[in-house]
Amino acid sequence: MNVSINNTISVMKPQTSEKNRAWLTIDTNNLLHNVKELQGIMKGDCKMMAVVKANAYGHGSVETAVSLNNAGIKNFAVATLNEGIELRLNGIRGDILVLGYTDVSYARELKEYRLTQTVVDYTYGMELENKKIPVNVHIKIDTGMHRLGMEAKDMERIKEIFSFKYLNVTGMFTHLCAADSRSLEDIYFTEKQIERFHQLVNELKAIGIKVPVHIQSSYGLLNYQELSCDYARIGIAMYGCLSSAKDKTVIMPELKPVLSLQSRLVLTRNIPAGECVGYGRVYQASEDRTIGILAVGYGDGYPRELSEGKGQVLIKGVKVPVIGRICMDQLMIDITGLPGIKRGDIGTLIGGSANEMIPADEVADSAGTIANELLSRLGNRLPRIYT
């Protein structure tokens, strides 16, 4: 069975931003700072399971995992088989958990690349067992999200998975679907999820079955830090932000943004009053204006929803509005009144400096989405520069 992964180990070539039209800068020092901050919150012997799915939320899965590996992180989570294989082919050590579904016909690849597969339900567990290929697995338990997992009350079938000959159960976990919310209703629901999971864990312990467990994602850790787990699955917080700038958590660690999105100004032009700019003529200058064109667009993952003034760009230390409709490969900004602006100047769409910042979660809010989606959709035609 062929797997669509290049079997050669890729070597990162040094990159600079000097000739790029648009690029991402990934600050590995900030990444490792966030790791230490979050590890300091974890209770007891809990270890970080770094979530590097979706190209490490747009940050580059291999480079991110290498940095984490070198810093001592030995547990990773991905969404797909190919994501796990890519990490192995690039020398990543430790456990790699595939959180999503993998067709059982790939059981041999799971074994060959030493990946741990999630058992998504009982039937799937039986089908994987019937392949008669030894595979490490974690059992997903559905405590109320009703996505993947075996129902927490289905004790007999869960016990049966532990008895299978070819499935080596090395962990068990659940997912808290409302851990980000501080409403009383959602807190109550989350606490019921935790209670169902611990009840199952205790019932299994009573008959001599004990494996490592994990419940917390980023919000699970920040809002339910008191939970005793073997791992915490950390995604968005590790990358230095929350899903929304509006979110408040019980614990608010000092997180530093890891990613910046920048683009180069390719030209400036003067627009007389009454003239229109861009597709659909949705922007019309009410007076004489000066505009700039940045070489980045929705084809790079910058949301089209940020058109018509919803988005901002930081240039020469000043925030200016996006005007007109964002194009696939370019966007327009209003730079009226800014002195000395010229071709080649850099505009920052996400990130910034200590004095001025456009945080990813604020950009996501303006686009009507969450930072998780915004970051993970940043395209691969954007070079990633690691500092």
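Biologist: What should I know about the model before we start?
Modeller: This is a predicted model, where local features need pLDDT of at least 70, side-chain atom pairs count only at pLDDT 80 or more, and totals for chains, interfaces and linings use all residues. Side-chain values use heavy atoms, with hydrogens and water left out, and residues are numbered from 1 along each chain as its sequence is written.

Biologist: What volume does the largest pocket have?
Modeller: A pocket is an open set of points on a 1 Å grid over the protein atoms alone, where a 1.4 Å probe fits, with protein on both sides within 12 Å along at least five of seven lines. Grid points are joined across faces, edges and corners, and the volume is the space filled by probe spheres set on the points. For the largest pocket that gives about 730 Å³.

Biologist: Which lining residues are closest to the centre of the largest pocket?
Modeller: Lining residues have an atom within 4 Å of a point. The lining of the largest pocket divides into 15 nonpolar, 8 polar and 7 charged residues. Of the 30 lining residues, the closest to the centre are K53, Y57, H175, S217 and N372.

Biologist: Is strand β8 largely enclosed or open?
Modeller: Strands here are DSSP runs of E, at least two residues, and helices are runs of H or I, at least four, numbered from the N terminus. Buried means under 20% relative accessible area (1.4 Å probe, protein chains only). In β8 (residues 167-173), 5 of the 7 residues are buried, so the strand is largely enclosed.

Biologist: In β9, which residue is the bridge partner of F173?
Modeller: Two strands pair if DSSP finds at least two bridges between them. β8 runs parallel to β6 (residues 135-142), with 6 bridges, and parallel to β9 (residues 213-214), with 2 bridges. F173 in β8 is the bridge partner of K140. In β9, the partner of F173 is H214.

Biologist: Is N223 buried or exposed?
Modeller: N223 lies in helix α9. Beyond four places in sequence, N223 is in contact (heavy atoms within 4.5 Å) with A179, D180, R182, K248, T249 and V250. At 5% relative accessibility, N223 counts as buried.

Definitions and conventions: Nonpolar A, V, L, I, M, F, W, Y, C, P; charged D, E, K, R; others polar. Buried < 20%, exposed > 50% of the residue type's maximum accessible area, 1.4 Å probe, protein only.
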